[in-house]
Amino acid sequence: GKNVLLIFMATLRAPSGTKTADKANDNLIRPLFEGKIDVIGDIHGEAGALTTLLDRLGYDGFGRHADGRRLVFVGDLVDRGPNSVAVCDVVRGLVESGNAQMVLGNHELNLLLGKHKHGNHWFYGETEVIRKDQKQKSYQVLAPSEEWRKKTLDFFRSQPVILERKDVIVVHAAILPESLKALREWDDTKGKEGGAGSGVLGAYKHFADIAAKKIENLKEKGRKEGEEEEDEVKIQIELTAQNCNPIKVASSGTEERAAAKFFAGGKWRQVKRGKWWESYDKEPLVVVGHYWRRFAPPNPNIIKGFNPSGENPFAGHGDFSIVGGGGGGGGVFFFFFRVTAGQ
């Protein structure tokens, strides 16, 4: 078949005569490389695993391959792992040389937004405990200078959220028809005229402002209906904030109502990750990262609903199966592993 799926990457070759998808917008959507590509999943600072993988795939230090293959990264280059600095430098060099492409993940977006999150303190020159089951600070290479931080943010700011060609779409977390339409129609003039600015940050703020107006209407409705509707309003606010921002959808997925409250990420939740792929019935194959494809078995010692892993959204699917799709090569492929040392 035309799609060969391996553990850490998807090797794809465009069918004969395939042309690159029309260029929608340089800031948000760009044409994906033609020919054979190696798509690499979330790296998360594992510089050693990345360079080992590139060597095993047959790439040299310039990112060139004897067969003319090229690299595509699905985002989340950074955080959690020991050396995000080296990963950023390697990938930036490959992209700027024209031998690789990437899309932004939620972890790059967090840095662009200036957010301090678990796993990204290295960027701000701070140490932290990465594994929450351990008390000692984890070893991470820290960002070396303000100049390096600026160079890295400038690089991320110049990257798209979607890459596409006729037969393949690469996005970090999700696509929805309405969000894809909004991204195609985005023009920097919209952001500038509305005061949001240009590029991916301008688009993020523009869509966040639209969502905020909807949220304010929901809050007003909640004030009128009283405490009996308080939980429902909170759920609707969470869903609106995530699903009505196409940049959030692309970089961190969709959300949907949970059947019951559950505990994850240190708090009780009423919304869960949306299984957007179950309604995806288009032809292009969509390749994404972001999600864990395999979950740890539930801990029998943890009370019902208190499993930190939450629901496994891929239960019932094989480790390497393509889900959704309308046949003829479509569907969604999720990476089985993140790039992880020792895998």
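His290 is found in the loop between β11 (285-288) and β12 (331-334). In this predicted model, His290 adopts a positive phi of about 70° although it is not a glycine. Most residues other than glycine have a negative phi. His290 counts as buried because its relative accessibility is 5%, under the 20% limit. A second residue of this kind is Asp76, a residue other than glycine whose phi is positive, near 55°. Asp76 is placed in the loop between β5 (70-73) and α2. With a relative accessible area of 1%, Asp76 is likewise buried.

The protein chain as a whole contains nine helices and 12 strands. Of its 343 residues, 47% are buried. The chain exposes about 16700 Å², of which carbon and sulfur atoms supply 51%. Among contacts between residues at least 6 apart in sequence, 68% join residues at least 24 apart.

Helix α2 (residues 84-96) packs against helix α1 (residues 47-57) at an angle of about 35°, the two axes being 9 Å apart. The crossing of α1 past α2 is left-handed. On the α1 side the contact is made by Ala47, Leu50 and Leu54, and on the α2 side by Ala86, Val87, Val90, Val91 and Leu94. Classified by residue type, this contact comprises eight nonpolar residues, with no polar and no charged ones.

The largest nonpolar core has 62 residues, and within it Phe73, Ile247 and Trp276 touch the most other members. The element that gives the most to this core is α2, with six residues. Trp276, leaving out residues up to four places away in sequence, touches Ala173, Ala174, Ile175, Leu176, Thr254, Val286, Val288, Tyr291, Val332 and Phe334. Another core, of 13 residues, lies apart from the largest one, and its members include Leu32, Val72, Leu163 and Val287.

Thr152 lies in helix α4 (residues 146-157). Its relative accessibility is 1%, and Thr152 therefore counts as buried, the limit being under 20%. When neighbours within four places in sequence are set aside, Thr152 is in contact with Cys88, Arg92 and Phe123.

Key. Residues are numbered from 1 along each chain as its sequence is written. This is a predicted model: local features need pLDDT of at least 70, side-chain atom pairs count only at pLDDT 80 or more; totals for chains, interfaces and linings use all residues. Side-chain values use heavy atoms; hydrogens and water are left out. Helices (H or I, at least four residues) and strands (E, at least two) are DSSP runs, numbered from the N terminus. Buried means under 20% relative accessible area, exposed over 50%, partly exposed in between (1.4 Å probe, protein chains only). Contact means heavy atoms within 4.5 Å. Axes are lines fitted to C-alpha atoms, for helices over the stretch in contact, and angles run from 0 to 180 degrees between N-to-C directions. A crossing is left-handed if the near helix is turned anticlockwise from the far one by less than a right angle, and right-handed if clockwise. Ala, Val, Leu, Ile, Met, Phe, Trp, Tyr, Cys and Pro count as nonpolar, Asp, Glu, Lys and Arg as charged, and the others, Gly among them, as polar. Accessible areas come from the Shrake-Rupley method with a 1.4 Å probe; for residues, only the protein chains shown count as cover. A nonpolar core is a set of buried Ala, Val, Leu, Ile, Met, Phe, Trp, Tyr and Cys residues joined through side-chain atoms within 4.5 Å.
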